[in-house]
Amino acid sequence: MKTIETIRIALVGVSHWHVPLYVRATKIRHLNIAAVSDPDEEKARGLAEQLGCCWYTEEDRLLDEAGPEFVFAFAPHDQMPALAMKLIGRSIPFTIEKPLGLCARDVELVEKAAREAGVFCAIPFVWRYSPLLQAFKQEVASCDILHLAFKFIAGPVSRYETTSPWMLQTRQAGGGCMTNLGVHFLDMAMFLTDSDDAEVLAAGYHRASKYDIETYGTSLIRLSGKATLLLETGYAYPMDEEQRDNRWNIVTRNGYYTLGDNCFEKRIFGKKTEKISVSTDSDIYYADFVLESLRQYLEGEAPRAGLKQMCSVRKILDEINLRANEKG
């Protein structure tokens, strides 16, 4: 019987900047990494030496020769659907980074193929793995949430120039900060409010670089669960030891909840304010995502977030992009 420690794992597309967050899981559990691949030979070889496995520059050779039983897949956004279809065609269970393509149609085709083939696919909407979020969902009924406001401002766009220059071109990335950062909070809002759809009321983008992606974006959304969402994302945070600014405000029928500066505050009418120390860094949940995805596959469970949830989020993101671009 396969276990988390014995199932043969491959990492495809390891030049992607998210990969080090996944590799952290190997320090928690002794995972059986059979192979890695990337068109960049230096990066593929470097990670393989770190993990003690074989490496390839061609993903097809890896799939043919290494015999992976589970794949963690990464690629430029425009190449993600083809990679996902390749894994589905080989009946290999996998996870793949968001946003899985350039539009909702890309995700819908992958979801249909995976569903019909019965192939497991998990999407790293990693805030679902936060104990804070799980506890909040248990404490506050979805129908009691009136409004959510999320602000997530990451470091400057220049940080992608050397590691992932494709992130700076709409034709390959599909968009900028809203595509890369906003999807996490769209999913989180839908998860907390038990929504499966939303209406974009307004959206606006700023482009403050030489690249054709938005570097700051805002949107106002009405979720199908009737709550409203104000979402703000950007590549505008001068980085030092801190990498980003992450702030939440959630208004409910009976209180007001805030997150910021590593503190979560619960202000409930008639009760004393409660302040809880908590990390606002979502990077820490990627290792949990890796291990939980492996466990869920091996035990025949559905992922916490899969292609269905990615489809829902992608549709909203498409409408945000449309609204913002209509306004120039």
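Me: How much space lies in the largest cavity?
Reply: About 60 Å³. A cavity here is a set of points, on a 1 Å grid over the protein atoms alone, where a 1.4 Å probe fits but cannot get out. Its volume is the space filled by probe spheres set on the points, which are joined across faces, edges and corners. This is a predicted model: local features need pLDDT of at least 70 and side-chain atom pairs count only at pLDDT 80 or more, while totals for chains, interfaces and linings use all residues. Residues are numbered from 1 along each chain as its sequence is written, and side-chain values use heavy atoms, with hydrogens and water left out.

Me: Which residues line the largest cavity?
Reply: Ile9, Leu11, Tyr22, Val23, Thr26, Leu31, Ile33, Phe72 and Val290; a lining residue has an atom within 4 Å of a point. Strand E1 (8–12) and helix H1 (19–23) each give at least two residues to that lining. Helices (H or I, at least four residues) and strands (E, at least two) are DSSP runs, numbered from the N terminus.

Me: How do the residues of that lining divide into nonpolar, polar and charged?
Reply: 8 are nonpolar, 1 is polar and none is charged. Ala, Val, Leu, Ile, Met, Phe, Trp, Tyr, Cys and Pro count as nonpolar, Asp, Glu, Lys and Arg as charged, and the others, Gly among them, as polar.

Me: How many cavities of 30 Å³ or more are there in the whole structure?
Reply: The search finds 2. H7 has the largest share, with 3 residues. The lining of this second largest cavity has 7 nonpolar residues, no polar and no charged.

Me: Next, H10. Where does it bend?
Reply: At Val183, by about 40 degrees. That bend is the angle between axes fitted to the seven residues ending there and the seven starting there.

Me: What is the end-to-end distance of H10, then?
Reply: The end C-alpha atoms of H10 (residues 177–193) are 24 Å apart, which agrees with the 24 Å that its 17 residues should span at 1.5 Å a residue. The expected span is 1.5 Å times one less than the number of residues.

Me: Is H10 mostly covered or uncovered?
Reply: Mostly covered, with 17 of its 17 residues buried. Buried means under 20% relative accessible area, exposed over 50%, and partly exposed in between (1.4 Å probe, protein chains only). Just after H10, Asp194 has a positive phi of about 55 degrees.

Me: Aromatics now. How many pairs does the structure hold?
Reply: 19 aromatic pairs. Rings of Phe, Tyr and Trp (its six-membered ring) pair if their centres lie within 6.5 Å; planes under 30 degrees apart are stacked, over 60 edge-to-face, and the rest tilted. One of the pairs is Phe70 with Phe120, tilted, at 6.1 Å centre to centre and 50 degrees between the planes. This pair links distant parts of the chain, 50 residues apart: Phe70 is in strand E4 (residues 70–73), Phe120 in the loop between helix H6 (104–117) and strand E6 (121–122). Phe70 and Phe120 are both buried.

Me: What about Tyr257 and Phe264, stacked or tilted?
Reply: Stacked, with 6.1 Å centre to centre and 25 degrees between the planes. Tyr257 counts as buried at 4% relative accessibility.

Definitions and conventions
1 Å grid on protein atoms, 1.4 Å probe; cavity = no way out; pocket = protein on both sides within 12 Å on 5 of 7 lines; lining within 4 Å.
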